[in-house]
Amino acid sequence: MSVWQLVAVGAVMLLGLVGVLVPGVPGQAIVWAAVLWWALTDPTPVAWGVLIGATCLLLLNQALKALLPARRPRDSGAPRRTLMAGGIAAIAGFFVVPVVGGLLGYVGAVYGAERLRLGSRAAGWTSLRSVLRATGYSVLVELYCCLLAVGTWLGAVIWG
């Protein structure tokens, strides 16, 4: 697979990660389609293993969605820019501090944005808890599963 194709697959995966944060966009399906595209273009055992692992992980996420509360971003009272900042920080944090950085980035960015917006530490924590209750759990689980699939792909491309 050429470098430009790998860049294109990575760009589609990044689009899928952002799509997880935007209601109505099938971000998880976009990430899976990018992994499928890569595996079909580069038919090695590692590529097929990544595809099988990503498929299982994303199917497990679909099963978990039924157990988690539904997305209701309007119920949290936080503005849309706070939620987007949290999602972007989760994506960046996942690659800066592998695996746990996504959670740390999301929580830290939402808390920081809400503390700046509301003006006090206590109000920031209260708003963070309401955001996590209203949207965070389902979005965070879906984003984390997609980040694991993208991270596995990236590891396979770099070291595989």
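Reader: How do the axes of helix 1 (residues 3–21) and helix 5 come together, and at what angle do they cross?

Author: In this predicted model, the two axes come within 9 Å and cross at roughly 145 degrees, and the crossing of helix 1 and helix 5 is right-handed.

Reader: Which residues meet there, and what makes the contact of helix 1 with helix 5 nonpolar, polar or charged by class?

Author: Leu-14, Leu-17, Val-18 and Leu-21 in helix 1 meet Met-84, Gly-87, Ile-88 and Ile-91 in helix 5. Their classes come out as seven nonpolar, one polar and no charged; Leu, Val, Met and Ile count as nonpolar, whereas Gly counts as polar.

Reader: Why are helix 5 and helix 6 called roughly antiparallel?

Author: Helix 5 (residues 80–96) and helix 6 (residues 101–118) pack at an angle of about 150 degrees, their axes 7 Å apart. Angles over 145 degrees count as roughly antiparallel, and the two helices are therefore described as roughly antiparallel to each other. Helix 5 passes helix 6 in a right-handed crossing.

Reader: Which residues of helix 5 and helix 6 meet, and how do they divide by class?

Author: Helix 5 contributes residues including Arg-81, Leu-83, Gly-86, Ala-90 and Phe-94, and helix 6 contributes residues including Gly-102, Tyr-106, Val-110, Glu-114 and Arg-117. By class, this contact has nine nonpolar, seven polar and three charged residues.

Reader: What makes the aromatic pair of Trp-38 and Trp-153 edge-to-face?

Author: The whole structure holds two aromatic pairs, one of which joins Trp-38 and Trp-153, with 6.5 Å centre to centre and 90 degrees between the planes. Ring centres within 6.5 Å qualify as a pair, and planes over 60 degrees apart count as edge-to-face, so the term applies.

Reader: Why can this pair be said to tie together parts that are apart in sequence?

Author: Trp-38 belongs to helix 2 (residues 27–41) and Trp-153 to helix 7 (residues 121–159), so the pair links parts that are 115 residues apart in sequence.

Reader: How do you know whether Trp-38 and Trp-153 are buried or exposed?

Author: Trp-38 has a relative accessible area of 3% and Trp-153 has 6%; since buried means under 20%, Trp-38 is buried, and Trp-153 likewise counts as buried.

Reader: Where is Asn-61 found, and with which residues is Asn-61 in contact?

Author: Asn-61 is found in helix 3 (residues 45–65), and its relative accessible area of 1% makes it buried, the cut-off being under 20%. Leaving aside neighbours within four places in sequence, Asn-61 is in contact with Gln-28, Val-141, Glu-142 and Cys-145.

Terms used:
Residues are numbered from 1 along each chain as its sequence is written. This is a predicted model: local features need pLDDT of at least 70, side-chain atom pairs count only at pLDDT 80 or more; totals for chains, interfaces and linings use all residues. Side-chain values use heavy atoms; hydrogens and water are left out. Rings of Phe, Tyr and Trp (its six-membered ring) pair if their centres lie within 6.5 Å; planes under 30 degrees apart count as stacked, over 60 as edge-to-face and the rest as tilted. Helices (H or I, at least four residues) and strands (E, at least two) are DSSP runs, numbered from the N terminus. Buried means under 20% relative accessible area, exposed over 50%, partly exposed in between (1.4 Å probe, protein chains only). Axes are lines fitted to C-alpha atoms, for helices over the stretch in contact, and angles run from 0 to 180 degrees between N-to-C directions. Angles under 35 degrees count as roughly parallel, over 145 as roughly antiparallel, 65 to 115 as roughly perpendicular and the rest as oblique. A crossing is left-handed if the near helix is turned anticlockwise from the far one by less than a right angle, and right-handed if clockwise. Contact means heavy atoms within 4.5 Å.
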